[in-house]
Amino acid sequence: MFLRRIARPLMMMAKVKETTGIVGLEVVPNAREVLINLYRKTLEEIKAVPEDEGYRKAVESFTRHRLNVCVEERESEMIEKRLGCGQVEELIEEAQDELKLIGHMNEWKPWGIPDDYECEVIENDAPVPKHIPLHRPGPLPEEFYNTMEAITSGKLDAGSKKDEPAISSGDSQSK
């Protein structure tokens, strides 16, 4: 009882976060320091990627921005508000994931593809499951097929009047 009367008001004054509200994501009391260290490490690790690669440019850009915000702000709530990317604990997970990805990217070297490299295209005629939409366009109008037939058979007269379509879609008009 004594601890409740004393500890709870002290915790309220110190603004200590008790939970993230996200299952499995624990509160990190020194999140700002952890983020600063992770962002600095990210900026070091990304130097292994060639300077002209878009991946490096993007990672450096958003990491520098986030690092600057963390250095400028003292409170986690202000960092979260200025970045607008979730809670600091989520930012920590993102930064850790980015470090792992940098390691993988350095291993895979997707930027090292030679200019003359030809990619093999594998077509699979397996039936598409019913729950997956096909996103195929509907049939073309009959006029399209008539025009294509006229072009390929040579029946399309190049000297036809410009005001009249080569093949009409409606009823024929008699003059």
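This is a predicted model: local features need pLDDT of at least 70, side-chain atom pairs count only at pLDDT 80 or more; totals for chains, interfaces and linings use all residues.
**Entry 1: a term before I start**

A salt bridge, as I use the words here, is a side-chain nitrogen of Lys or Arg within 4 Å of a carboxyl oxygen of Asp or Glu. With that in hand, I looked up Arg 32 and Glu 33, and their side chains do meet in a salt bridge, at 3.8 Å from N to O. Arg 32 is buried, at a relative accessible area of 11%, while Glu 33 is partly exposed, at 39%.

**Entry 2: the overall plan**

Next I stepped back to the whole protein chain. I found six helices and zero strands, so my sketch of the order along the sequence simply reads α-α-α-α-α-α. The chain has 175 residues, and 21% of them count as buried. I looked up the accessible surface too: about 14,500 Å², with 54% of that belonging to carbon and sulfur atoms.

I then asked how contacts span the sequence. Among contacts between residues at least 6 apart, 58% join residues at least 24 apart.

**Entry 3: helix α3**

Helix α3 covers residues 54–72, which is 19 residues. From first C-alpha to last it reaches 27 Å, close to the 27 Å expected at 1.5 Å a residue.

Which residues of α3 are buried? My list has Tyr 55, Arg 56, Val 59, Glu 60, Thr 63, Arg 66, Leu 67, Val 69 and Cys 70. I kept a general point beside that list: an α-helix has 3.6 residues a turn, so residues three or four places apart point the same way. The cover over the buried residues of α3 includes α2 (31–45), α4 (76–83) and α5 (88–108).

**Entry 4: the nonpolar cores**

The largest nonpolar core holds 16 residues, and those touching the most other members are Leu 35, Tyr 39, Cys 70, Ile 79 and Leu 91. Helices α2, α3, α4 and α5 each supply at least two residues of this core. The largest share, six residues, comes from α2. I jotted a general remark here: in soluble globular proteins, nonpolar side chains tend to be buried together.

Leaving aside residues up to four places away in sequence, Tyr 39 touches Thr 63, Arg 66, Leu 67, Cys 70, Leu 91 and Ala 95. Another core, of six residues, lies apart from the largest one. Its members include Ile 46, Val 49, Tyr 55 and Val 59.

**Entry 5: Thr 20 in its loop**

Thr 20 sits in the loop between α1 (2–14) and α2. Is Thr 20 buried or exposed? I found a relative accessible area of 8%, so Thr 20 is buried.

I checked what the side chain of Thr 20 meets. One of its polar atoms lies 3.1 Å from the backbone nitrogen of Ile 22, and a polar atom of that side chain lies 2.6 Å from the backbone oxygen of Leu 25. Not counting residues up to four places away in sequence, Thr 20 touches Leu 25, Glu 26, Val 27, Gln 87 and Glu 89.

**Entry 6: back to salt bridges**

A search of the whole structure gave me eight salt bridges. One of them joins Glu 80 and Lys 17, with the closest N and O atoms 3.3 Å apart. Glu 80 is in helix α4 and Lys 17 in the loop between α1 and α2, so this pair ties together parts 63 residues apart in sequence. Glu 80 counts as buried at 18% relative accessibility, because the cut-off for buried is under 20%. Lys 17 is partly exposed, at 27%.

The side chains of Glu 72 and Arg 82 form another salt bridge, at 2.8 Å from N to O. Here Glu 72 belongs to helix α3 and Arg 82 to helix α4, so the pair ties together parts 10 residues apart in sequence. Arg 82 counts as partly exposed, at 38% relative accessibility.

**Entry 7: a last look at Lys 109**

My last stop was Lys 109, in the loop between α5 and α6 (142–153). Its phi is near 50 degrees, a positive value in a residue other than glycine. Lys 109 is partly exposed, with a relative accessible area of 46%.

Methods
Residues are numbered from 1 along each chain as its sequence is written. Side-chain values use heavy atoms; hydrogens and water are left out. Helices (H or I, at least four residues) and strands (E, at least two) are DSSP runs, numbered from the N terminus. Buried means under 20% relative accessible area, exposed over 50%, partly exposed in between (1.4 Å probe, protein chains only). Contact means heavy atoms within 4.5 Å. Accessible areas come from the Shrake-Rupley method with a 1.4 Å probe; for residues, only the protein chains shown count as cover. The expected span of a helix is 1.5 Å times one less than its number of residues. A polar contact is a pair of N or O atoms within 3.5 Å; within protein, one must be able to donate a hydrogen and the other to accept it, and residues adjacent in sequence count only if both atoms are side-chain atoms. A nonpolar core is a set of buried Ala, Val, Leu, Ile, Met, Phe, Trp, Tyr and Cys residues joined through side-chain atoms within 4.5 Å.
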